[in-house]
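This report describes one protein model for a reader who has not seen it before. Please look at the sequence and the structure first.

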Amino acid sequence: MERAQRLRRLEPPPESSGPVVLLGDREPDPDLWDGCRLAATLDPGVDNEDSGARVWVCAGPVGSWSRVWPRQRHLSA
């Protein structure tokens with residue numbers, strides 16, 4: 001089964017879950033994520049799709065996971 005198909009089956013985290021780690025090439029959407037800070041920029045040592053990706057740590061979703069999850073459970077933006 002393809003990774004994207006497996007991810008679609010996942011349920012949202014519990015509403016009481018802690019910080020969220022996001023990986024991507026854009027800043028987190030402030031309408032979806034609260035209290036985000038840039039934690040690192042990936043340099044895997046090889047030129048691949050992860051080179052330069054940024055790692056963000058956010059306090060959590062804005063509102064509930066049930067509101068954010070359908071818009072964020074994909075593997076790429």
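Which residue in β4 is the bridge partner of Ala 40? The model shown is a predicted one, and in it Val 55 of β4 is the residue that bridges to Ala 40.

β3 and β4 belong to an open sheet of three strands, ordered β1-β4-β3, with antiparallel pairing. The edges of the sheet are formed by β1 and β3, each of which pairs on one side only. From one strand to the next, the twist averages 30°. The residue ranges of the three strands are listed here.

| Strand | Residues |
|---|---|
| β1 | residues 20-24 |
| β3 | residues 37-41 |

**The whole chain**

The protein contains two helices and five strands. Read from the N terminus, its elements follow the order α-β-β-β-β-β-α.

**Contacts and surface**

Counting contacts between residues at least 6 apart in sequence, 68% link residues that are at least 24 apart. The protein has 77 residues, and 21% of them count as buried. Its accessible surface is about 5,700 Å². Carbon and sulfur atoms account for 50% of that surface.

**Back to the starting pair**

Notes:
Residues numbered from 1 in each chain as written. Predicted model: local features only at pLDDT ≥ 70, side-chain atom pairs only at ≥ 80, totals over all residues. Heavy atoms only, no water. Helix = DSSP H or I, 4+ residues; strand = E, 2+ residues; numbered from the N terminus. Buried < 20%, exposed > 50% of the residue type's maximum accessible area, 1.4 Å probe, protein only. Contact = heavy atoms within 4.5 Å. Areas by Shrake-Rupley, 256 points an atom, 1.4 Å probe, with all protein chains shown as cover. Pairing = 2+ DSSP bridges. Axes fitted to C-alpha atoms, helices over the stretch in contact; angles between N-to-C directions.
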